[in-house]
Amino acid sequence: MKVLHYIPLLDSAKAYLEDLSSQTDAPNSANTYIVTLWADRSYSSSGRFIIYQMLKKTHRFVNLLHLQNRFLQILYATMPDIVHIHGCWSYVTAKICLWAKKRHFKVVISPHGQLEKKVIEDHFWSKHFPQIILFQKRTIKRADALWAATEQEAKGLRRLGWNKRISQPADMGEEMTPQAAYTVFYQKTIDTAYYGDMHEHEKEAYCALLHAGLADEDETHLLDGPSILNLRSLTVASWRRIFLLAHDQHVSPILHDGITRMQLSTPRIDVNNILRFPQNTETTEAPLSATTFIHDSKRNRKRASQMTDEQVRGLWCMLVNIRQLLKDKRLTTRQLADYYTYVRHFDSDENATAQTLKSAGYLQFAARIHQILHESLYLEYGFMPVSPVDDRKTENIRQRIRQIYHL
């Protein structure tokens with residue numbers, strides 16, 4: 001595991017390096033890097049650690065022009081799994097967090113007591129309040145996790161409420177060395193934000209297995225040759241991410257049915273025993289109802305009573321619930337799979353269905369959801385009661401679903 005630490009002051013960076021060097025049994029110590037803002041040259045210790053300087057000259061205007069380029073050079077030279085930022089209340093710190101997150105690197109922050117209530121209240125209106133509004137709160141919310149040095153600091157961060165993903169040494173075990181506790185914390189962060197590490201072939205494997213798991217028992221030739229070869233080439237790390245995604249999307253039984261039908265041999269990974277932070281938004285594993293609405297209203301009940309075809313009414317009810325779950329950021333693959341199964345066995349007249357959905361204002365939304373199902377669960381065109389549409393609003397739905405995956 002590679003970790004890039006950002007420590008603004010050279011003296012603090014040297015002290016951290018010396019402390020790290022003293023832990024001769026520190027795991028992954030050879031992959032630890034430190035970047036500091038002000039330094040005359042790069043420092044190293046026995047070839048195991050290195051401190052990268054970001055700036056040499058003292059003229060601040062010139063420094064700001066070169067700051068981003070220098071940090072990105074260091075970032076891509078080290079390619080860390082985690083960017084660990086130390087400290088708060090610095091615009092440079094906020095920008096480093098932003099630059100790393102924009103390039104899909106995971107960022108954790110150690111405030112080192114700088115977000116304590118007493119610290120914030122000191123010079124609040126003249127100094128800290130403008131910084132909170134401009135960048136500090138946004139930076140803390142943007143971080144994948146926070147590291148509190150003490151239990152008191154952890155309580156203060158929870159009370160602040162800017163980021164719910166907080167860890168402290170006590171969470172990792174009393175017998176762990178500081179560096180070992182950091183390693184567990186980093187792995188916990190990586191396993192929580194695993195979706196950002198998923199490659200396209202892993203997402204394709206996830207979709208292919210769900211398609212196989214949802215297929216009828218009498219179906220044969222579930223997947224084509226390239227999809228089967230992709231499934232058989234997955235590594236243990238890939239399976240780990242796929243199992244985590246299936247667990248969070250409440251489709252683990254469907255995924256395992258697909259694995260069984262494809263006769264695949266997979267590593268034993270107990271997702272429930274993997275240490276992770278809770279999700280920022282609670283999704284639902286409840287099945288998608290075709291008879292009741294998540295948010296009932298007189299308007300929906302009136303429209304439902306006017307639909308004489310029971311299957312069309314059920315289809316429309318599911319679409320209403322999907323739109324509401326998407327709005328609430330609680331839509332998961334479980335609900336899409338329920339809709340997929342309903343559509344696969346839908347046998348009402350397509351023209352009448354399209355006319356009913358159009359009068360209810362859901363024709364285009366249904367077309368876009370069918371496009372999403374075609375891409376994610378391999379829904380065949382012959383099973384679609386409404387032809388799919390791939391346009392700008394379809395892309396908006398894709399992005400909203402990805403945002404739910406990232407939560």
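How many helices and strands are there in the protein chain? The chain has 18 helices and eight strands, counted as DSSP runs (H or I over at least four residues for helices, E over at least two for strands) and numbered from the N terminus. This is a predicted model, so local features need pLDDT of at least 70 and side-chain atom pairs pLDDT 80 or more, while totals for chains, interfaces and linings use all residues. Residues are numbered from 1 along each chain as its sequence is written, and side-chain values use heavy atoms, with hydrogens and water left out.

Of the 407 residues in the protein chain, 48% are buried, meaning under 20% relative accessible area with a 1.4 Å probe, protein chains only. C97 is among the buried ones, at 0%, and C317 is another, at 2%. As for disulfides (pairs of cysteine sulfur atoms within 2.5 Å), a search of the whole structure turns up zero.

Now for a pair of helices. The axes of α9 (residues 200–214) and α11 (residues 236–248) come within 10 Å and cross at roughly 50°; axes here are lines fitted to C-alpha atoms over the stretch in contact, with angles from 0 to 180 degrees between N-to-C directions. On the α9 side, H201, E202, A205, Y206 and L209 make the contact (heavy atoms within 4.5 Å), and on the α11 side S238, W239, R241, I242, L245 and A246 do.

Notes
Buried means under 20% relative accessible area, exposed over 50%, partly exposed in between (1.4 Å probe, protein chains only).
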